[in-house]
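Look over the sequence and the model, then read on.

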Amino acid sequence: MSLKPTALRLADTRELSYIERGDPYGTPLIFLHGLADSCHTFDLLFACFPEHLRTLAFTQRGHDGIDLPELTYRTEDFEADLLQFMDAKAIEKAFIVGASSGGFTARNFAVKYPARTLGLVLLGSPSELGNQPEIVAIHESTLSRLTDPVSPEFIRGFTGGIFNKPVPADFLEKMFSEIQKVQARVWKETSNAALNEKFPGLLHQMTAPALIISGKEDALASPEDQQKLAAAIANSQLCILPQLGHMLYWEGPTEVAKAIIRFVDEVEKTF
């Protein structure tokens, strides 16, 4: 079931769209998508959470098809948008969940704004991308050379190669449609920003409890990479789910939700 997005005006007057499910007074979990996705990337996952949790996700700047000339797509820009989103929704503290490259924003935010972070969850989020030659090569040969309109064939090829288990056909078509909104400059600058994120970065300053979830078959965030990431975060747990690939929250939303729910319950017992 695709959740209907709602428009929200930020303090800087921009509007973004977001989805929300669960008890509006429940514990909030804010989900950040990665490169070229939208808030709908979490539709399948949100359906697996109990009603007492409040799950929210917004479509990142530029990923809604609106690429304003003054916008930039650095990690710190996405961090600033998350802070504005929380303020606009009057959310004092939340679990911050970063998926794929959205994990760079999530982990940096958790370090810089510990008072706003109940816990950090990373979903298939690599420790870094700039150290992976094949990813750098894809950026240089393809992503950095994209022009508008971005080819639907490219989008299908790019998206179809990053999950390991079958995904519902109607959901996949929905995501292809969402990704087609993303303009070439957004692809290029967002991927460039992700490649420039260094490991371990600020991770040694992390004070929030963290859960790292990845698929065992994820080529971008391999089990070895995720072990390295977990070792860099003092108060962290690592959960590697068998048979799942990079888009684990598409492929196994029930398993991913269960892991997050257990983590949230554990953290809340310490409050």
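This is a predicted model: local features need pLDDT of at least 70, side-chain atom pairs count only at pLDDT 80 or more; totals for chains, interfaces and linings use all residues.

**The chain as a whole**

- The chain holds ten helices and eight strands. Its radius of gyration is 17 Å, close to the 18 Å that the globule rule gives for 271 residues, so the chain is as compact as a globular protein of that length.
- Along the principal axes, the C-alpha atoms fill a box of roughly 50 × 40 × 35 Å.
- Of the 271 residues, 56% are buried.
- Take the contacts between residues at least 6 apart in sequence: 76% of them join residues at least 24 apart.

- Strand S4 covers residues 53-58. Six of its six residues are buried, so the rest of the structure largely encloses S4.
- In a regular strand, side chains alternate between the two faces of the sheet.
- Leu53, Thr55 and Ala57 point one way from S4. Arg54, Leu56 and Phe58 point the other way, and all of these residues are buried.
- Strand S2 (residues 15-21) pairs with S4 in the antiparallel sense, over four bridges. Arg21 has Thr55 of S4 as its bridge partner.
- Strand S3 (residues 27-32) runs parallel to S4, and five bridges join the two. Here Phe31 stands opposite Ala57 of S4.

**Helix H6**

- The buried residues of H6 are Phe171, Leu172, Met175, Phe176, Glu178 and Ile179. They cover an arc of only 160 degrees around the axis, which puts them on the same side of H6.
- Ala169 and Asp170 are exposed on the other side of H6.
- The buried residues of H6 pack against helix H1 (43-46), H5, H7 and helix H9 (248-251).

**Helix H7**

- Helix H7 has twelve residues, 184-195. At 1.5 Å a residue, H7 should span 16 Å; its end C-alpha atoms lie 17 Å apart, which agrees.
- Which residues of H7 are buried? They are Ala184, Val186, Trp187, Thr190, Ser191, Ala193, Ala194 and Leu195.
- These buried residues of H7 pack against helices H2 (75-88), H3 (102-112), H4 (133-141), H5 (152-160) and H6 (169-179).

Terms used
Residues are numbered from 1 along each chain as its sequence is written. Side-chain values use heavy atoms; hydrogens and water are left out. The expected span of a helix is 1.5 Å times one less than its number of residues. Buried means under 20% relative accessible area, exposed over 50%, partly exposed in between (1.4 Å probe, protein chains only). Contact means heavy atoms within 4.5 Å. The arc is that of the directions from the helix axis to the C-beta atoms. The radius of gyration is taken over C-alpha atoms; the globule rule is 2.2 Å times the number of residues to the power 0.38. Two strands pair if DSSP finds at least two bridges between them.
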